[in-house]
Amino acid sequence: MYFTEESRTLDIIPVGRIAIDFNPTDMNRPLSQSEHFNKYLGGSPANIAVGMARLGKKVGFLARVSDDQFGDFVTDFFREEGIDVSHVRRCENGEKLGLTFTEILSPTQSSILMYREGAADLMLHPDDVDEAYVASARCLLISGTSLCTSPTREAALKALTWARKNDVTVVFDADYRAYTWKNLDEIAIYCAMVAEKADLVLGSREEFDLMERLTGLNGTDEASADYWLSRQPKLLVIKHGKEGSRAYSTEESWLVKPFPVAAMKGFGGGDGYASAMLTGLMNGKSLPEALEMGSASAAMLVASHACSRDMPSRTQLEEFIAKEKAAYGTMVSKL
């Protein structure tokens, strides 16, 4: 329903942010007092790529990384996960991968400190995007952070153009980060421009409010669904954090409750959600089944220390769902 069944070389090509995450191992204290960290591959599109590869999908990527040891680290990690890195190119002018230091004050209180000045992923150039590569995939995923500045903005829009031309499903993941954007109007203009041409749109309530600030909508999920589903998108997923999420398609609407877990951190769940839900839909699962997979992966991610490293395999995800449903029942119901 959402993805072409035509055989393609790749299932998905994310566009955008590859970063380095430093997560504290001395937990439940302010970042200013944290002294020990684990290093992980990070960045929402990169996490989604790893999550989908772990679940058996054929994954590519469009990005720039630093021409140094950290660039080696992330491309080696991708290769080990079976992700195609033929279009992950090195920067040529000394740009470095963005660094993310996370603060885990409690299982429900987390924050992120990002270093994004001159970040390598923002150097993705339109010349890095070729039509044949985009056309080789069933799906193109564009992250909102790839729209925040040039030249990555034009590269993402060029990829979007090739995707629409070649019957490649477009997913827009709002992935809002305040860093680098110049003002709220700029966010609204460029994110809405891509969302209007996407087939699936994913974001938090805050992110939808940012996209819609020039539309005059009233900030409700129902108003968002009416607006976007009257355009190109066929599916909206609006996330509400620990309250769960809501999904609106052109045919049905669903409430998705989070699976109960002992949380370790308050971030990473959205990337697990996206990777598992998109995989479910690509595998022919019904929308509620795919949403259940997304909710389960999100729960597993907030209960773990890392994001990319701790993405579940298909077996781990299925075992988690079976165990949790036996204890708590179904997490997905019609609105």
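**Close-up views of the mixed sheet and its helices**

**View 1. Pairing of β9 with β10 in the predicted model.** Strand β10 (residues 200–204) runs parallel to β9, and three bridges connect the two. Phenylalanine 172 has valine 201 of β10 as its bridge partner.

**View 2. The open sheet of eight strands.** The strands follow the order β1-β8-β9-β10-β11-β12-β13-β14, with mixed pairing. Because β1 and β14 (332–334) are the edge strands, each with a single partner, one side of each has no neighbour in the sheet. On average, and with direction ignored, neighbouring strands are turned by 15 degrees against each other.

**View 3. Helix α4 and its buried face.** Helix α4 (residues 152–165) comprises 14 residues and spans 20 Å from its first C-alpha to its last, close to the 20 Å expected at 1.5 Å a residue. Its buried residues are Thr152, Arg153, Ala155, Ala156, Ala159, Leu160 and Ala163. Viewed down the axis of α4, these buried residues lie within an arc of 165 degrees and therefore line one face of the helix. Among the elements covering them are β1 (10–15), α3 (131–135), β8 (137–143), β9 (169–173) and α5 (184–195).

Definitions and conventions:
Residues numbered from 1 in each chain as written. Predicted model: local features only at pLDDT ≥ 70, side-chain atom pairs only at ≥ 80, totals over all residues. Heavy atoms only, no water. Helix = DSSP H or I, 4+ residues; strand = E, 2+ residues; numbered from the N terminus. Expected span 1.5 Å × (residues − 1). Buried < 20%, exposed > 50% of the residue type's maximum accessible area, 1.4 Å probe, protein only. Arc of directions from axis to C-beta. Contact = heavy atoms within 4.5 Å. Pairing = 2+ DSSP bridges. Axes fitted to C-alpha atoms, helices over the stretch in contact; angles between N-to-C directions.
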